[in-house]
Protein chains: 2
Amino acid sequence: MLENKSQERTSLEQLGEFGLIDHLTKDFTINHKSTLKGIGDDAAILDFKDKKAVVSTDLLIEGVHFDLSYMPLKHLGYKAVMVNLSDIYAMNAIATQITVSIAVSNRFPLEALEELYAGIALAAEKYKIDLIGGDTTSSTTGLLISITALGEAIDTNIVYRNGAKPNDLLVVSGDLGGAYMGLQVLEREKEVFKVNPNSQPDLEPYSYIVERQLKPEARNDIPKLFEKLGVQPTSMIDISDGLSSEILHLCKQSAVGCNLFEDKIPLDPTVIAACEEFKIDSTMVALNGGEDYELLFTIDQDEFPKIKGNPNLSVIGHMTGASEGVHLITRGDTKIKLTAQGWNSFDTKR
Amino acid sequence: MLENKSQERTSLEQLGEFGLIDHLTKDFTINHKSTLKGIGDDAAILDFKDKKAVVSTDLLIEGVHFDLSYMPLKHLGYKAVMVNLSDIYAMNAIATQITVSIAVSNRFPLEALEELYAGIALAAEKYKIDLIGGDTTSSTTGLLISITALGEAIDTNIVYRNGAKPNDLLVVSGDLGGAYMGLQVLEREKEVFKVNPNSQPDLEPYSYIVERQLKPEARNDIPKLFEKLGVQPTSMIDISDGLSSEILHLCKQSAVGCNLFEDKIPLDPTVIAACEEFKIDSTMVALNGGEDYELLFTIDQDEFPKIKGNPNLSVIGHMTGASEGVHLITRGDTKIKLTAQGWNSFDTKR
């Protein structure tokens, strides 16, 4: 759980709640003019002026969303922030502030929380986010992180899920399936470790996909790219549950259908190699794996020249009338109805 | 846990995460023009125009902050919202939106969550708050509620903790100690019930203090009263941890001292009677009990005529120079140094 097993252990009772918050947040700096008052009062005060405020929240729970036996706490802190920022970027907004609440059992020493906050601080610094508040309390079991992210956007730039039209192109950033295959590798190593605690895993060949799982990056570059290219997506969502589930959200909320082309789905060679090794179909992984935190969006066909050839973006399909349904067109030209098999934390079968 | 033990039990797996959110939030209405987009996208969109945004967050955990053996779920939902709104009112702001994230173990059927949300809905309706987002997930144990509250305020109306000056009057709304004594009554009844499950508790004589514990009300009337009376407090905080702890916060952040007069602390007769019955000193209860969600503030002495005789407000002391320290002046005219003994969720001794 702690990277350095020999370090000091300071119990949380020694500090108390206020001492703990002060200690963990003292090195955070304020980056945004919109943050008038951050941590230290009953509430934070923000000033978005003529921009709209964008608000999203996510909960990460030990044993459900992460496993501390292979997720270092610093990575967890970083990832928890990414998961939330991704939702802000999916509105084509700029993320500006976060609140972070954590509940921890007494089995966590102060040094463990310091590592968690080091990851949060790294994310805040890299993505220029102000930590403006939070709550820190004990839990009867395990670790829980609840983050609310705030952002700002000019009204006309905001992209909702419900604006896709028939014939719009379906586009995705980056590549898919890496986070899921990284998890498979980590879970296999955990099983090996249980049998032989002296085994030294060689994760080098899997470094890309393991990093996609442990240290994902939210695509703050994509809203900036849209601005630079003069592209205004008609709908957008981030890929947290899996491509299939997200396409179904866009189609349902926009009242359109979709044809997704299997041969257009962007896959990193490491993902393909890992899929072969684990004997899993790479298309299924991209469709249902989730946690890639890429952005999925639709654009009018007239905008295609602006994005053509951009290495960050792949056109993977097009929208249709709602009556045509939502389908995957396979490499063998078969039409398969898309169903959501993404992450469902209430589904005890996975 | 459920008020009607004979009702249906629907497992959460049947609905899945998205079905659950849709089901629980479908009856919530939007009250504020500032809520441009609520639940249903990656993030909510708000428009505070020329007002400042006020943001606060709190985490409530089963076994730490509440005990479901005497806290009905509907009350818990209501109280969870109150705890958060209280922080917004403590900035002299108007609360406008909340996000609600919950983690529940599979031992909770859908009907239990419906009760929890009925309490949240009641609070939202009564206090005119828009539910704009959240996250719903499973937990390995118990129930957890994370709420972020948003509000709005005109810049010059906002009251921080750090504006108190020597000679300012210290004022509190309502009365203190009720929530703590209500908890004592409920815990006693729980013990009686363990010994004899057929016992019928008579809580009638304790209805005021039990209600203070189970169904507290955040003081949204106080910012309105300030506006009506033309009063601008110099500092303000809400009483969640206990009068003593909150006074120390105001003094520390304002760099002042304080004399608090024991005989001025407002106590309801029910609280005094319960303290006598439980053989607890009522002043200690008011100082350290917490969870009263009253507002504690300071005003310039010149403002005194505006609040004089107001039944909602009690002047309980005055601020001094920092070097004079923070003291309780007892009924016997003894000066005792105030220490924080309020709620500390990391303190395993209570």
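Reply: Happy to; what follows takes the terms in turn, and please keep in mind that this is a predicted model.

Me: What makes the two chains count as touching, and how many residues of chain A are in contact with chain B?

Reply: The cut-off is C-beta atoms, placed from the backbone, within 7 Å. In this model, 57 residues of chain A are in contact with 57 residues of chain B. Strand E3 (residues 52–61) of chain A gives the most to chain A's side, with nine residues. By class, that side of chain A has 24 nonpolar, 20 polar and 13 charged residues.

Me: How do you know that E3(A) pairs with a strand of chain B?

Reply: Pairing needs at least two bridges found by DSSP. Three bridges join E3(A) to strand E2 (residues 44–46) of chain B, so the pair qualifies. The two strands run antiparallel, and the bridge partner of Ala53(A) in E2(B) is Leu46(B).

Me: Which residues have the most contacts inside the largest nonpolar core?

Reply: They are Val54(A), Val81(A), Val54(B), Val81(B) and Leu85(B), in a core of 212 residues. Members must be buried and joined through C-beta atoms within 7 Å. Leaving aside its neighbours within four places in sequence, Val81(A) is in contact with Ile98(A), Ile120(A), Ala123(A), Ala124(A) and Ile147(A).

Me: Why are E8(A) and E13(A) called edge strands?

Reply: The open sheet of seven strands in chain A has the order E8-E10-E7-E11-E9-E12-E13, with mixed pairing. Strand E8 (235–238) and strand E13 (335–337) each have a single partner strand, so one side of each is left without a neighbour in the sheet. From one strand to the next, the twist averages 25°.

Me: What makes E12(A) a partner of E13(A)?

Reply: Strand E12 (residues 326–329) of chain A and E13(A) share three bridges in the antiparallel sense. At least two are needed, so they count as paired. Within this pair, His327(A) stands opposite Lys337(A).

How values were computed. Residues are numbered from 1 along each chain as its sequence is written. Chains are lettered from A and ligands numbered from 1 in the order in which they are written. This is a predicted model: local features need pLDDT of at least 70, side-chain atom pairs count only at pLDDT 80 or more; totals for chains, interfaces and linings use all residues. Helices (H or I, at least four residues) and strands (E, at least two) are DSSP runs, numbered from the N terminus. Ala, Val, Leu, Ile, Met, Phe, Trp, Tyr, Cys and Pro count as nonpolar, Asp, Glu, Lys and Arg as charged, and the others, Gly among them, as polar. A residue is buried if 20 or more other C-beta atoms lie within 10 Å of its own, exposed if 12 or fewer, and partly exposed in between; C-beta atoms are placed from the backbone. Axes are lines fitted to C-alpha atoms, for helices over the stretch in contact, and angles run from 0 to 180 degrees between N-to-C directions.
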